[in-house]
Amino acid sequence: MATLLGSESPCTGGKRRQCNSSIVSKFTASKITGQGFSRGTQLPGGLLQERDKRAKWHGIPALLQRLYESSHPNSDLSNAHSFLKVLSSQLSMEAMSFVTEDRKTAQESTFPNTYTFDLFGGVDLLVEILMRPTLTMQKKKNNMNDDLVKDCLSVLYNCCICTEGVTKSLAARDDFVLFLFTLMTNKKTFLQTATLIEDILGVKKEMIQLEGIPNLSGLVQSFDQQQLANFCRILSVTISEPDVGNDDKHTLLAKNAQQKRNASPSRAEVNQVTLLNIPGFIERLCKLATRKVSEATGANFLQELEDWYTWLDNALVLDALMQMATEEAEQSSTESSDESSLATSPLRHRLPQSMKIVHEIMYKVEVLYVLCVLLMGRQRNQVHKMLAEFRLIPGLNNLFDKLIWRKYTASNHVVHGQNENCDCSPEISFKIQFLRLLQSFSDHHENKYLLLNSQELNELSAISMKANIPEVEALVNTDRSLVCDGKKGLLTRLLTVMKREPPDSSFRFWQARAVESFLRGATSYADQMFLLKRGLLEHILFCIIDSGCTSRDVLQSYFDLLGELMKFNIDAFKRFNKYVNTPEKFQTFLTQINSSLVDSNMLVRCIVLSLDRFESQTEDVKVVEVLSECCLLSYMARVENRLSFLFRLINIINVQTLTQENVSCLNTSLVILMLARRKAKLPFYLNALREKEYAEKYPGCLLNNFHNLLRFWQRHYLNKDKDSTCLENSSCIPFSYWKETVSVLLGSDRTSMCAIASYIDEPFMELDRDLLED
């Protein structure tokens with residue numbers, strides 16, 4: 001010890017302070033280098049006791065030494081458990097303060113006991129105790145007491161949330177992470193294990209591979225429904241692609257480059273396949289998502305919910321409280337059969353009855369998230385088939401009024417926490433996750449008609465018959481036994497609450513996205529009329545023009561929805577003109593569109609495409625009437641307005657800034673030029689771009705940028721079948737014509753009047769030609 005402390009005799013004065021500092025610094029250094037002292041058990045007990053009071057270690061190093069000495073292999077662990085209980089009580093107070101107060105950054109000064117416990121090797125010791133049964137070579141292995149395991153896990157979790165670096169160090173130990181999953185087979189230790197695993201996987205650098213978990217299928221099948229719901233919290237980390245956290249990484253250039261480097265499926269995709277191969281997994285999730293719960297009683301339900309969610313933000317914590325309440329009730333019933341004594345027990349008095357509903361809501365949030373991720377994965381069609389078979393949509397429809405969107409008074413319509421901009425309560429999370437699921441379920445898939453009931457399907461058929469057009473094949477093929485029950489389908493119920501949503505509601509964006517996904521794909525006149533008859537167009541226009549909405553996200557979602565609703569539909573344009581019946585309203589509408597073309601360009605595309613089609617139907621009296629009267633069609637019919645949109649669409653993007661969100665601007669500009677090419681007016685538009693450049697005194701800038709964008713377009717779309725199909729379905733322009741038009745525009749023959757190169761003067765050619773070079 002002389003080399004560590006300078007002397008084995010007690011230090012005095014300044015030397016003592018130096019000794020205390022030396023002990024801490026030596027342990028801190030050992031954690032970094034892996035050399036030297038690693039735990040308090042390597043120091044004499046007398047020395048630890050002598051230093052304890054001045055260093056304010058509260059006896060933790062000495063307790064760890066006793067815990068170590070009493071936890072040797074083949075020893076009676078009852079003594080070890082008693083020491084651990086004392087340690088646990090000291091650490092749990094710090095953990096509780098962390099959970100109930102503002103989430104402070106974990107540091108030594110805030111949580112000194114937990115810091116000291118980790119510093120003197122407590123974390124490593126508990127990992128060793130937990131894993132000891134798996135390491136012993138003896139045939140007869142001593143089973144650890146469940147309570148001891150629970151306390152070890154709880155202390156480890158407390159250290160994770162209170163001491164920086166503990167979670168990452170545990171996450172780096174793959175053997176320990178996989179070992180934790182084996183503890184989930186024991187129902188008594190499940191909650192503590194799941195809580196710790198969730199925390200560890202959240203910081204793990206490399207995503208865990210589910211197929212590496214011993215007997216995963218048997219483990220999942222052994223879970224009851226409550227355990228399975230909590231297991232979904234863990235699964236969500238293992239099946240979602242990690243957020244790169246850098247905007248540059250979200251550009252299409254970066255994504256394409258990453259796809260080239262990683263041609264094989266990602267770990268998240270492999271994990272999704274692993275889950276789908278577990279017998280009965282999806283069926284059980286559907287049952288969890290759709291099971292009913294008792295309705296909340298009492299007028300103060302929302303206030304209770306708001307009070308409790310501010311710190312019960314973890315379903316596992318809530319489970320622990322519910323379990324404690326149940327155990328306490330069972331114990332009280334054994335001691336006394338008097339029901340009044342149960343009602344007045346301290347813990348149960350602190351747990352409002354409405355927590356049962358919060359409990360169920362939080363379960364459903366996790367389950368819906370997992371289903372949503374699987375719906376968006378490579379196995380989408382397989383998942384779709386199972387969700388339809390297990391009647392997920394009819395089940396959610398039955399829960400809609402009683403649980404998903406219960407009726408509240410206007411003042412309490414949306415629950416917020418302390419931060420009014422933070423939509424993180426269980427109630428809000430549940431609704432958003434539900435809407436995201438609907439969006440993923442409907443998007444470009446024939447199963448979208450399961451969102452309707454039989455009467456509504458008949459209505460679609462009647463609309464098609466009246467218009468003398470054939471029914472959509474997906475509608476004809478819909479299995480009527482799998483559609484929604486009751487007087488309204490899920491889509492109709494969603495429209496009802498959507499129109500009642502307050503202007504400042506955080507749900508407007510998600511509601512519009514969910515309804516838009518029902519319309520996306522090949523345009524269906526019957527689908528559009530079904531929604532038009534329910535006043536959707538007037539609602540959207542009210543929100544854009546009259547509601548005072550300023551949220552760019554909400555406005556973008558409404559522009560996109562309006563575009564899908566009006567595309568090629570002469571009745572929709574007639575309704576538009578009836579609502580926008582004054583110059584002031586129309587100007588407000590144009591101002592909203594022009595304020596952000598990235599947000600509104602899909603609507604601009606819809607208007608351009610619709611105008612082109614209507615102009616070819618002049619034998620129809622109704623079409624001619626609307627063409628002559630509709631202010632929106634008249635505005636877009638003026639070539640100077642189409643050119644203005646084209647200039648700005650090309651100017652607001654470049655290859656380096658293209659993302660999944662703004663690449664639509666490039667495609668909208670292409671639509672304008674394809675329609676011009678059909679009418680042999682492409683040279684006129686290209687020359688207008690050239691004149692615009694010279695007027696702005698930037699010759700070559702606009703056209704060189706567009707040339708680079710089109711070269712990227714070729715690389716991006718010619719290798720992606722899904723994207724090309726979407727372009728063709730949404731525009732009703734064959735993809736072959738898209739490709740042909742791009743090739744013509746990129747032609748190298750400077751004598752061609754349809755090639756961009758012909759409109760760039762020689763000194764300004766190839767300004768950015770090298771931007772796409774590998």
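1. A quick definition to start: a salt bridge here is a side-chain nitrogen of Lys or Arg within 4 Å of a carboxyl oxygen of Asp or Glu. Arg-513 and Asp-560 make one, with 3.2 Å between their closest N and O atoms. Arg-513 sits in helix α28 and Asp-560 in helix α31 (residues 552–566), so this pair ties together parts that are 47 residues apart in sequence. Both Arg-513 and Asp-560 are buried (buried is under 20% relative accessible area, exposed is over 50%, and partly exposed lies in between, with a 1.4 Å probe and protein chains only).

2. Before going on, a word on the basis. This is a predicted model, where local features need pLDDT of at least 70 and side-chain atom pairs count only at pLDDT 80 or more, while totals for chains, interfaces and linings use all residues. Residues are numbered from 1 along each chain as its sequence is written, and side-chain values use heavy atoms, with hydrogens and water left out.

3. Now the overall picture. The protein chain has 42 helices and zero strands (these are DSSP runs numbered from the N terminus: H or I of at least four residues for helices, E of at least two for strands). Of its 774 residues, 52% count as buried. Take the contacts in the chain with a separation of 6 or more: 76% of them come from residues 24 or more positions apart (contact means heavy atoms within 4.5 Å).

4. Back to the charged pairs: the count comes to 29 salt bridges. One of them joins the side chains of Asp-443 and Arg-520, at 3.6 Å from N to O. Asp-443 is in the loop between α24 (426–442) and α25 (454–466), and Arg-520 is in the loop between α28 (508–519) and α29 (525–532), so the pair links parts 77 residues apart in sequence. Arg-520 is partly exposed, at 29% relative accessible area. What network do these residues belong to? Asp-443, Arg-513, Glu-516, Arg-520 and Asp-560 are linked by salt bridges.

5. Helix α34 (residues 597–614) deserves a look. Its 18 residues reach 24 Å from first C-alpha to last, close to the 26 Å expected at 1.5 Å a residue (the expected span is 1.5 Å times one less than the number of residues). There is a bend of about 25° at Leu-603, taken as the angle between axes fitted to the seven residues ending there and the seven starting there. α34 is mostly covered, with 15 of its 18 residues buried.

6. Lys-679 lies in the loop between α38 (663–678) and α39 (682–695), and Asp-612 in α34, so the two tie together parts 67 residues apart in sequence.

7. Next, helix α37 (residues 639–651): its 13 residues reach 18 Å, close to the 18 Å expected. Its buried residues include Leu-643, Phe-645, Phe-647 and Ile-650. The buried residues of α37 pack against α33 (583–595), α34, α36 (631–637), α38, α39 and α40 (701–717).

8. Last, α38 and helix α42 (residues 735–745) pack at about 85°, with axes 10 Å apart (axes are lines fitted to C-alpha atoms, for helices over the stretch in contact, and angles run from 0 to 180 degrees between N-to-C directions). The two are therefore roughly perpendicular, a label for 65 to 115 degrees. Among the residues that meet are Leu-670 and Met-674 in α38, and Tyr-737 and Trp-738 in α42.

Conventions. Parallel < 35°, antiparallel > 145°, perpendicular 65-115°, else oblique.
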